[in-house]
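The following exercises are to be worked with the sequence and the coordinates at hand. Each task is followed by a solution in steps.

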Amino acid sequence: MSALTPPTDMPTPTTDKITQAAMETIYLCKFRVSMDGEWLCLRELDDISLTPDPEPTHEDPNYLMANERMNLMNMAKLSIKGLIESALNLGRTLDSDYAPLQQFFVVMEHCLKHGLKGKKTFLGQNKSFWGPLELVEKLVPEAAEITASVKDLPGLKTPVGRGRAWLRLALMQKKLSEYMKALINKKELLSEFYEPNALMMEEEGAIIAGLLVGLNVIDANFCMKGEDLDSQVGVIDFSMYLKDGNSSKGSEGDGQITAILDQKNYVEELNRHLNATVNNLQAKVDALEKSNTKLTEELAVANNRIITLQEEMERVKEESSYILESNRKGPKQDKTSEGQALSEARKHLKEETQLRLDVEKELEIQIGMRQEMELAMKMLEKDVCEKQDALVSLRQQLDDLRALKHELAFKLQSSDLGAKQKSELNSRLEEKTNQMAATIKQLEQSEKDLVKQAKTLNSAANKLIPKHH
């Protein structure tokens with residue numbers, strides 16, 4: 001029986017853990033997200049500090065949480081501003097395929113998940129922002145309608161999918177800002193779901209709730225019956241907010257190169273982060289394959305055990321029938337011993353029957369665990385494929401940034417060469433100017449000498465004229 005029970009310390013990856021691994025974002029990297037007008041700027045944390053004195057360590061949890069809150073707030077500002085401007089320029093009702101709207105929901109999902117407490121279940125920790133959103137109907141009665149609609153949607157099976165549907169319905173109602181403000185004002189209720197330094201518990205959450213008021217000017221319409229909100233992977237597309245290096249000219253070249261280098265460093269850091277995530281997922285796939293192989297072997301052992309028990313039960317039945325038959329034909333003095341043997345045989349049969357029931361029950365449990373692991377493996381393979389696609393896209397962006405860097409470096413080198421040629425020309429002109437000045441001085445000296453000679457000749461001529469008279 002013990003051989004059929006899987007070890008308790010065996011890793012059992014679940015769908016929530018896989019989804020959580022796919023949702024790592026920039027605020028977990030060593031970068032700071034800030035805004036430069038309408039664009040996204042990235043700086044390494046090694047170059048900046050939150051307070052001048054004393055300088056906090058980057059391993060401090062409070063420092064990291066504060067940095068994450070600041071990054072998420074800046075991303076929310078950029079996302080909301082870009083969504084409003086693009087929607088007004090588009091001039092029509094938005095649907096679920098509109099890219100800026102999709103990015104807005106991804107950013108909101110990360111904001112709601114920041115600092116969320118995990119609930120321990122049989123399959124591991126489960127983090128879902130659906131719990132806090134359910135509280136809104138208690139604070140604002142108008143929200144009860146969308147909460148009931150979300151619960152009635154047939155295609156939603158996970159709390160994450162219900163939370164995503166709730167955000168979309170609240171935006172369609174143009175009440176998202178009102179609901180978020182009511183929720184943030186009740187921090188005593190949110191403390192059950194969030195850590196004390198989470199975004200929803202700090203002033204950044206109130207700022208984001210105020211920014212959501214601007215979304216009341218746009219119209220959105222979603223059809224969620226056929227949309228798979230449970231298995232979507234929320235990854236922020238930072239390429240929508242990165243500044244294009246070709247937009248600056250002249251004296252802005254140096255700052256442009258610095259910005260591009262920062263962006264290149266960010267992409268390389270994110271690339272390394274994604275590589276580590278892919279390796280982690282691959283290790284989980286290998287663990288699942290080993291676990292699946294072990295379960296298959298245990299299933300074969302259990303099947304052999306069942307066959308053995310069935311054969312033994314048939315043998316016990318034959319023995320019991322033989323004993324009964326011999327009981328009827330044998331002498332009376334042997335009935336007592338044969339009765340004892342029959343009771344022992346029945347007792348043995350009862351034990352074997354109970355053992356068979358236990359084995360069948362454990363076999364059903366093993367089959368259920370195997371099905372669950374097969375489902376987790378499929379989800380894991382899907383997430384690995386999506387990670388690989390994202391990695392290819394980021395590598396392409398990195399190649400584009402490198403080409404742009406080389407082009408700007410060539411332009412800077414050309415401008416330096418032109419400046420050097422101009423300085424050489426200026427030095428030559430100065431030499432010629434000095435030579436002309438010296439020539440002018442010589443001419444002035446010659447002119448003075450000529451004037452003196454003219455005066456001498458004039459005086460000599462004046463002396464000669466009276467003598468002739």
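**Exercise 1. The residue after helix 7**

Lys 174 counts as partly exposed, because its relative accessibility is 33%; buried means under 20% relative accessible area, exposed over 50%, and partly exposed in between, with a 1.4 Å probe and protein chains only. The model is predicted, so local features need pLDDT of at least 70 and side-chain atom pairs count only at pLDDT 80 or more, whereas totals for chains, interfaces and linings use all residues. Residues are numbered from 1 along each chain as its sequence is written, and side-chain values use heavy atoms, with hydrogens and water left out.

Task: state where Lys 174 lies and what its phi is.

Solution. 
- Step 1. Lys 174 is placed in the loop between helix 7 and helix 8. Helices are DSSP runs of H or I with at least four residues, strands are runs of E with at least two, and both are numbered from the N terminus.
- Step 2. The phi of Lys 174 is positive, about 60°, although the residue is not a glycine.
- Step 3. Lys 174 follows helix 7.

**Exercise 2. Length and burial of helix 7**

Task: determine what span helix 7 should have, how many of its residues are buried, and what covers them.

Solution. 
- Step 1. The expected span is 1.5 Å times one less than the number of residues. For the 15 residues of helix 7 this gives 21 Å, and the end C-alpha atoms are 21 Å apart, which agrees.
- Step 2. Of the 15 residues, 11 are buried, so helix 7 is largely enclosed by the rest of the structure. Among the buried residues are Arg 164, Trp 166, Arg 168 and Leu 171.
- Step 3. The cover of these buried residues includes helix 3 (99-113), helix 4 (130-134), helix 5 (136-139), helix 6 and helix 8. Contact means heavy atoms within 4.5 Å.

**Exercise 3. Helix 6 against helix 7**

Task: classify the packing of helix 6 and helix 7 by angle and by handedness.

Solution. 
- Step 1. The two helices pack at an angle of about 140°, and their axes are 9 Å apart. Axes are lines fitted to C-alpha atoms, for helices over the stretch in contact, and angles run from 0 to 180 degrees between N-to-C directions.
- Step 2. Helix 6 is therefore oblique to helix 7. Angles under 35 degrees count as roughly parallel, over 145 as roughly antiparallel, 65 to 115 as roughly perpendicular, and the rest as oblique.
- Step 3. The crossing of helix 6 and helix 7 is right-handed. A crossing is left-handed if the near helix is turned anticlockwise from the far one by less than a right angle, and right-handed if clockwise.
- Step 4. Helix 6 contributes Glu 145, Ile 146, Thr 147, Ser 149 and Val 150 to the contact, and helix 7 contributes Arg 162, Ala 165, Trp 166, Leu 169, Ala 170 and Gln 173.
- Step 5. By class, this contact of helix 6 with helix 7 comprises six nonpolar, three polar and two charged residues. Ala, Val, Leu, Ile, Met, Phe, Trp, Tyr, Cys and Pro count as nonpolar, Asp, Glu, Lys and Arg as charged, and the others, Gly among them, as polar.

**Exercise 4. Two loop residues**

Task: decide whether Tyr 98 is buried or exposed, and find where Gly 155 is placed.

Solution. 
- Step 1. Tyr 98 lies in the loop between helix 2 and helix 3. With a relative accessible area of 14%, Tyr 98 is buried.
- Step 2. Leaving aside residues up to four places away in sequence, Tyr 98 touches Leu 83, Ser 86, Ala 87 and Leu 90.
- Step 3. Gly 155 is in the loop between helix 6 (144-152) and helix 7 (159-173). Gly 155 counts as partly exposed, at 46% relative accessibility.
- Step 4. Gly 155 and Lys 225 are 70 residues apart in sequence, and their C-alpha atoms are 6.7 Å apart in space.
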